Protein chains: 4
Amino acid sequence: MQRLKLGMVGGGQGAFIGGVHRIAARLDGQWDLVAGALSSDSARAQASANDLGIAPDRAYTDFHEMAKAEAARADGIDAVAVVTPNHMHAAPVIAFLKAGIHVICDKPLAATPEDAAAIAQAAATSSAQFFLTHNYTAYPLIRQAREMVARGDLGDIRLVQVEYAQDWLSEPLDNKQAAWRTDPARSGAGGCIGDIGTHAYNLASYVSGMAATQVAADLDAFVEGRRVDDNVHVLLRYGNGAKGMLWASQVAVGNENALRLRVYGSQGGLEWDQEVPNTLRFTPFGAPTRTLTRAGAGGTAAGTRHLRTPAGHPEGYLEAFATLYSEAAIVIRAAKSGQSPDAQAHVPDLTDGLAGMDFIAACLSSSSNDARWVSLTGAAT
Amino acid sequence: MQRLKLGMVGGGQGAFIGGVHRIAARLDGQWDLVAGALSSDSARAQASANDLGIAPDRAYTDFHEMAKAEAARADGIDAVAVVTPNHMHAAPVIAFLKAGIHVICDKPLAATPEDAAAIAQAAATSSAQFFLTHNYTAYPLIRQAREMVARGDLGDIRLVQVEYAQDWLSEPLDNKQAAWRTDPARSGAGGCIGDIGTHAYNLASYVSGMAATQVAADLDAFVEGRRVDDNVHVLLRYGNGAKGMLWASQVAVGNENALRLRVYGSQGGLEWDQEVPNTLRFTPFGAPTRTLTRAGAGGTAAGTRHLRTPAGHPEGYLEAFATLYSEAAIVIRAAKSGQSPDAQAHVPDLTDGLAGMDFIAACLSSSSNDARWVSLTGAAT
Amino acid sequence: MQRLKLGMVGGGQGAFIGGVHRIAARLDGQWDLVAGALSSDSARAQASANDLGIAPDRAYTDFHEMAKAEAARADGIDAVAVVTPNHMHAAPVIAFLKAGIHVICDKPLAATPEDAAAIAQAAATSSAQFFLTHNYTAYPLIRQAREMVARGDLGDIRLVQVEYAQDWLSEPLDNKQAAWRTDPARSGAGGCIGDIGTHAYNLASYVSGMAATQVAADLDAFVEGRRVDDNVHVLLRYGNGAKGMLWASQVAVGNENALRLRVYGSQGGLEWDQEVPNTLRFTPFGAPTRTLTRAGAGGTAAGTRHLRTPAGHPEGYLEAFATLYSEAAIVIRAAKSGQSPDAQAHVPDLTDGLAGMDFIAACLSSSSNDARWVSLTGAAT
Amino acid sequence: MQRLKLGMVGGGQGAFIGGVHRIAARLDGQWDLVAGALSSDSARAQASANDLGIAPDRAYTDFHEMAKAEAARADGIDAVAVVTPNHMHAAPVIAFLKAGIHVICDKPLAATPEDAAAIAQAAATSSAQFFLTHNYTAYPLIRQAREMVARGDLGDIRLVQVEYAQDWLSEPLDNKQAAWRTDPARSGAGGCIGDIGTHAYNLASYVSGMAATQVAADLDAFVEGRRVDDNVHVLLRYGNGAKGMLWASQVAVGNENALRLRVYGSQGGLEWDQEVPNTLRFTPFGAPTRTLTRAGAGGTAAGTRHLRTPAGHPEGYLEAFATLYSEAAIVIRAAKSGQSPDAQAHVPDLTDGLAGMDFIAACLSSSSNDARWVSLTGAAT
């Protein structure tokens with residue numbers, strides 16, 4: 001089977017998430033990285049491309065040029081990964097969508113509602129697909145959790161408790177990653193809420209199958225001089241009467257990347273922790289808690305769809321990310337061949353991206369209004 | 001050393017918390033149970049007293065009579081434990097306070113603000129002490145956590161995340177314990193908020209050393225026909241700018257008695273779980289997490305004040321409860337001898353009880369007003 | 001119900017295990033400590049007795065005198081707890097057995113095989129019962145594990161992995177506890193093997209229902225100058241073809257009191273850890289692991305026989321120890337009334353004590369013979 | 001940087017470990033798979049090659065032919081991965097070593113001592129390197145553990161407790177994986193001892209820096225009809241007086257792939273669990289246990305040499321395996337350029353392979369001689 005051809009915008013030397021996307025693309029052998037506009041700095045773009053084995057004529061410094069050139073090549077890229085800081089998502093995404101090239105974009109969708117709307121408009125008129133890398137949804141046991149909720153193992157969902165705690169911004173920090181993530185001009189008006197709060201919200205929605213209808217949010221910037229929020233407390237209300245709490249923090253000392261989800265229904269409960277992702281605790285009401293394991297006894301179809309190793313061989317963050325790239329490949333191959341993709345293929349998309357933007361905006365609005373309830377736009381429609 | 005003499009109101013056959021109080025009183029050998037009004041049913045009161053080795057002439061059916069009789073005896077009780085349902089706290093508490101007999105009362109303080117005020121009034125004019133069994137504060141590592149916060153190990157406190165999750169009321173339940181705890185006439189207007197929410201709030205205050213100034217609460221009764229809340233979501237604001245979240249639930253399937261506290265400051269973080277109470281995770285910012293153990297390396301004065309066994313010999317709920325009784329004994333012995341008690345002795349008291357009532361009232365008020373912020377009375381003064 | 005009357009030999013000020021026995025005796029309200037030969041030093045014996053509320057005329061300095069006097073009193077003790085160092089077990093045990101007074105003795109049975117034989121002889125001709133406090137057998141989930149094995153939940157038992165790791169003797173130590181436990185004249189020829197290895201062996205036998213037939217042991221004294229073993233490696237063979245490993249260590253840095261048992265059969269496996277005693281992991285082959293909890297869902301009759309609190313209220317070391325005292329009380333009350341005790345009552349006894357002595361002797365013999373297999377006496381008969 | 005070119009022998013459709021090697025080779029972008037003798041069945045070899053994008057002219061059915069052809073090509077492979085069942089290791093390994101092509105071989109080295117000797121002889125006269133994929137050594141925290149031991153963080157090593165427990169062979173099993181692994185003609189005389197016991201032994205040696213001098217082993221085949229061992233109990237002695245225990249089992253119900261290592265020295269202890277590989281517990285004697293995390297605070301040079309993601313982003317089995325491929329690439333690139341490789345590069349090699357064969361042989365010999373001590377050949381020289 002031919003590998004698909006991938007391009008990348010952003011992700012030059014010194015970046016974090018670009019390297020993750022590249023490993024994810026390679027891991028299952030579905031993609032070759034063949035083109036890139038890895039940096040707006042020409043020398044750095046060339047050096048980064050050279051490091052990655054990209055041919056010099058496909059090492060671009062301008063993504064507009066790249067979109068045009070790649071669309072014109074017979075061997076042009078099948079998709080582009082956009083891994084720039086948030087405020088630099090919209091322009092390349094739109095350029096590639098207009099060029100008819102599929103887009104795999106890092107989250108959140110954009111830095112501003114205006115950018116998000118522009119992306120949505122471009123997507124609406126493009127033949128190309130838009131994928132958003134809410135990578136945490138691709139953990140096998142998260143897919144299994146979603147399936148278990150959907151088939152009723154928990155009964156009616158009553159409660160969603162989700163949290164995403166880190167501590168790396170507990171003090172003022174002066175590195176490349178911290179710089180743009182705490183700069184409203186580059187990350188958007190939300191800090192922690194956009195960077196990790198959206199992951200938490202998306203994960204909760206993905207597993208519970210429910211979108212919140214209202215939020216009440218109390219956002220803080222605890223570190224002196226910080227211009228965006230570094231801690232987020234949110235109450236959630238869902239349409240069916242379910243309730244939730246979401247906590248996201250970058251100042252919770254002792255937490256590295258502690259994304260944890262708990263969902264409780266009338267008949268059962270589920271608990272999962274991203275830092276120990278190969279186990280999922282499931283309790284049917286009135287029975288002992290079962291520890292479900294990746295690829296282990298009790299695995300469901302969704303939980304075992306991408307088996308690389310047997311149970312007990314821990315998979316992690318990169319494998320989950322790779323699953324998104326493999327699922328995107330399935331969708332794109334189907335599109336190329338004019339067939340409909342495997343119905344089980346699932347990559348977060350524009351809908352998720354817009355829901356995330358809606359969530360950020362509603363939380364910012366609530367927080368600036370003393371944590372009053374704010375309705376989510378999407379939920380209202 | 002002479003044991004102190006204890007009486008008990010409530011706690012007859014079939015009760016839960018009465019038995020716990022009796023074990024707690026016995027465990028360290030500081031108390032003898034010698035009198036009781038264990039039930040308002042005369043036969044049951046006698047049978048219960050007989051089971052417990054209480055002499056027939058001190059097996060009362062009426063607590064008024066008991067207070068009077070015991071106060072009159074030369075060998076009368078030093079203190080009475082009040083372990084009745086919430087709505088039955090105030091009357092006996094007041095009766096014994098008026099009789100000059102120390103009171104050890106189960107939490108919450110009372111079922112209504114009126115009852116609480118009446119207790120406060122009685123206490124103000126009594127020579128006797130009032131103790132409230134917020135037993136979770138007496139775990140050794142909770143005392144250590146409080147000391148660590150107070151001495152600045154965590155820097156300035158920014159965040160308090162506290163939760164108390166159970167699942168025993170996930171379905172309608174028809175037993176003695178459930179009956180009064182879900183009956184507003186007996187438990188008070190709050191259900192989960194009073195029964196376990198107050199424990200969570202008290203624990204957070206105890207360790208952090210901070211009282212909330214405002215709460216925004218969203219309370220629910222998920223089980224059909226339930227007349228009091230069974231799930232509680234609360235946002236907390238503290239006077240110094242710190243923030244918090246409190247979750248209490250009796251419908252979180254898979255949780256037995258999961259009281260968990262996390263406190264984060266500018267320089268460190270602490271995490272503790274009541275179900276695994278002999279470890280406390282402490283992370284100084286930028287350093288690996290330390291697992292502190294009861295009686296183990298790194299123990300503080302407060303954490304090792306009541307050593308019964310070496311490290312690795314797990315203590316639990318009953319030992320913590322017993323510590324309250326031993327601390328109460330220290331205070332009472334000092335009072336009897338006219339000396340001031342050991343300054344390190346600590347048992348929650350009327351102040352804690354009133355703070356809990358304030359918290360319940362504020363949460364009920366907030367929840368009935370769409371989760372608007374409500375100021376806590378005590379905090380405003 | 002009248003409390004039983006307890007005496008104590010050993011356990012004066014500064015001792016560890018004496019205090020534990022006293023708490024255990026008090027906890028369930030079945031015993032009153034009324035007499036003691038708490039120290040061979042007269043002043044210390046009196047002071048200790050006074051601390052404990054023992055009447056002066058029952059504060060003995062000589063256990064022979066105590067046995068005689070108590071046997072002669074109408075209100076004499078029902079049982080005596082012997083909590084002296086190992087080499088001081090035999091003499092008081094024999095004295096009280098001869099006086100017809102029940103004995104509750106700390107483990108191991110004795111310091112030497114000769115002492116053990118003498119105890120056995122005395123017990124054979126006494127009307128009194130002999131109880132040995134292998135306290136770890138009394139954890140609720142250990143009793144449940146035993147019941148699960150016995151009723152076949154694990155199928156045929158194949159493997160027993162047991163370990164008991166501590167680190168307090170990692171360096172030369174000069175305190176009262178270390179002094180006698182590392183002195184062959186007082187602890188017996190075995191150090192670690194007797195002090196904690198016997199607990200591990202007993203626990204494995206208790207749960208698996210099997211006695212080893214052969215051992216191959218490699219014992220070491222890692223700390224310079226130590227005269228008894230501080231680390232024990234043992235291979236075990238059972239009569240039915242099952243195999244086992246036993247590791248006991250007092251020099252495993254990072255372990256406080258880490259007694260862990262794992263039992264595997266053809267159809268299931270069980271895992272338990274003394275430091276987190278309120279959970280028991282059970283895996284039926286081919287199914288997810290269940291976390292069984294004390295008093296929680298899936299509890300068995302044996303596991304819930306002594307319920308003091310609901311699930312999620314952690315019990316620990318002292319509660320398990322107290323259960324032994326309560327079970328002894330059940331047996332003694334039955335003896336006093338001429339009835340047979342509840343068939344479910346279980347306290348380790350002379351058989352366990354002799355099996356432990358057999359185990360120690362076999363391991364010492366094997367280790368001195370280059371870890372050759374040595375048959376256990378008891379098993380051979 | 002040009003990718004290196006990889007060939008593969010074995011690993012056709014339906015195999016397990018071949019797919020793992022391919023992911024490992026791809027993950028860090030250092031290797032392209034360009035040739036293979038994936039099956040001895042011609043049709044299956046072609047189909048497998050086609051699946052993997054291998055050009056038809058490099059899809060061999062005979063590894064002798066492949067070695068010759070690839071050695072002759074200007075663009076021939078840099079290395080070959082040998083992922084056949086154990087008894088099929090020696091022939092291809094020798095063929096490629098003779099052809100001057102580097103070999104990356106799955107463990108154990110071979111099925112028989114004769115095969116191992118033949119490989120050693122071929123390696124001695126080849127210009128090519130031999131790498132053995134004891135992949136568990138490449139976990140970041142295992143490398144860190146080794147460094148910590150080497151630099152003395154634990155003091156003098158006293159104890160090594162290692163275990164590798166699985167349960168997949170608890171019952172007779174009739175699939176491709178089980179078939180060859182329980183067939184002495186294909187796996188070698190050892191079953192569990194060779195398949196996973198060697199991993200455990202290698203890991204213990206790697207971290208402790210010590211080779212055992214003597215073993216006493218008790219091997220069993222618990223499942224009826226099984227012709228090789230499925231459970232292994234081994235006592236270990238090291239030259240410096242340190243002792244160890246090794247347990248490997250394929251019938252320990254409830255264990256998926258539970259490789260656990262604990263090392264204790266005079267000054268500290270380390271504990272690690274392959275199923276939760278991103279944490280390492282370290283206890284300095286007399287201080288609280290630290291939880292060290294991959295890429296987290298307290299990371300050492302060896303532990304952070306291959307950083308793909310920040311702390312809290314779990315890595316797993318595949319990443320560790322990929323590190324071996326990346327390290328092999330470093331060594332091979334250096335060889336190609338005539339430079340010496342980075343001194344920190346480390347891939348297990350022939351020495352490890354021979355030590356593993358020595359360990360297997362000694363354990364089989366000991367077990368057949370009633371678990372008498374058997375000296376390890378390597379250790380004796």
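Guide: A crossing counts as right-handed if the near helix is turned clockwise from the far one by less than a right angle, and as left-handed if anticlockwise. Keep in mind that this is a predicted model.

Start in chain B. The crossing of helix 1 of chain B with helix 10 of chain B is right-handed. Helix 1 of chain B covers residues 17-27, and helix 10 of chain B covers residues 317-337. Their axes come within 8 Å and cross at roughly 65 degrees. Angles of 65 to 115 degrees count as roughly perpendicular. Helix 1 of chain B and helix 10 of chain B are therefore roughly perpendicular to each other.

Which residues make this contact between helix 1 and helix 10 of chain B? Helix 1 of chain B brings B:Ile17, B:Val20, B:His21, B:Ile23, B:Ala24, B:Ala25 and B:Leu27. Helix 10 of chain B answers with B:Tyr317, B:Leu318, B:Phe321, B:Ala322 and B:Tyr325. By class, the contact has 11 nonpolar residues, one polar and no charged ones.

Helix 1 of chain A (residues 17-27) packs against helix 1 of chain D (residues 17-27). The angle is about 150 degrees, and the axes are 9 Å apart. Over 145 degrees counts as roughly antiparallel, so helix 1 of chain A is roughly antiparallel to helix 1 of chain D. This crossing, of helix 1 of chain A and helix 1 of chain D, is right-handed. From chain A, the contact uses A:Ile23, A:Arg26 and A:Leu27. From chain D, it uses D:Ile23, D:Arg26 and D:Leu27.

The axes of helix 3 (residues 63-72) and helix 4 (residues 90-98) of chain C come within 9 Å and cross at roughly 15 degrees. Under 35 degrees counts as roughly parallel, so helix 3 of chain C is roughly parallel to helix 4 of chain C. Helix 3 of chain C passes helix 4 of chain C in a right-handed crossing. On the helix 3 side are C:Phe63, C:His64, C:Met66 and C:Ala67. They meet C:Ala91, C:Pro92, C:Ala95 and C:Phe96 of helix 4. The contact holds seven nonpolar residues, one polar and no charged ones.

Next, whole chains. Chain A and chain B meet through 47 residues from chain A and 47 residues from chain B. Between them they bury about 3,700 Å², 55% of it on carbon and sulfur atoms. Which residues of chain A lose the most area to chain B? They are A:Arg158, A:Val253 and A:Phe285, together 18% of what the chain A side buries. There are 10 salt bridges between chain A and chain B. A:Asp220 forms a salt bridge with B:Lys243, and the closest N and O atoms are 2.7 Å apart.

Chain C also touches chain A. Eight residues of chain C contact eight residues of chain A. The buried area of chain C and chain A is about 640 Å², 62% of it on carbon and sulfur atoms. In chain C, the residues losing the most area to chain A are C:Pro288, C:Arg290 and C:Ala297, together 59% of what that side buries. The count of salt bridges between chain C and chain A is zero.

Over all chains, the structure holds 108 salt bridges. One pair inside chain A joins A:Arg260 to A:Asp273, with the closest N and O atoms 3.7 Å apart. The pair links distant parts of the chain, 13 residues apart. A:Arg260 is in strand 10 (residues 258-265) of chain A, and A:Asp273 is in strand 11 (residues 268-273) of chain A.

Last, the backbone. B:Lys107 and B:Pro108 are joined by a cis peptide bond, with omega about -10 degrees. B:Pro108 is in the loop between strand 4 (102-105) and helix 5 (113-124) of chain B. In chain C, a cis peptide bond joins C:Lys107 and C:Pro108, with omega about -10 degrees. C:Pro108 is in the loop between strand 4 (102-105) and helix 5 (113-124) of chain C. B:Asp370 has a phi near 60 degrees, a positive value in a residue other than glycine. B:Asp370 lies in the loop between helix 11 (350-368) and strand 14 (374-375) of chain B.

Terms used. Residues are numbered from 1 along each chain as its sequence is written. Chains are lettered from A and ligands numbered from 1 in the order in which they are written. This is a predicted model: local features need pLDDT of at least 70, side-chain atom pairs count only at pLDDT 80 or more; totals for chains, interfaces and linings use all residues. Side-chain values use heavy atoms; hydrogens and water are left out. Axes are lines fitted to C-alpha atoms, for helices over the stretch in contact, and angles run from 0 to 180 degrees between N-to-C directions. Helices (H or I, at least four residues) and strands (E, at least two) are DSSP runs, numbered from the N terminus. Contact means heavy atoms within 4.5 Å. Buried area is the accessible area (1.4 Å probe) that two parts lose on being put together, summed over both. A salt bridge is a side-chain nitrogen of Lys or Arg within 4 Å of a carboxyl oxygen of Asp or Glu. Ala, Val, Leu, Ile, Met, Phe, Trp, Tyr, Cys and Pro count as nonpolar, Asp, Glu, Lys and Arg as charged, and the others, Gly among them, as polar.
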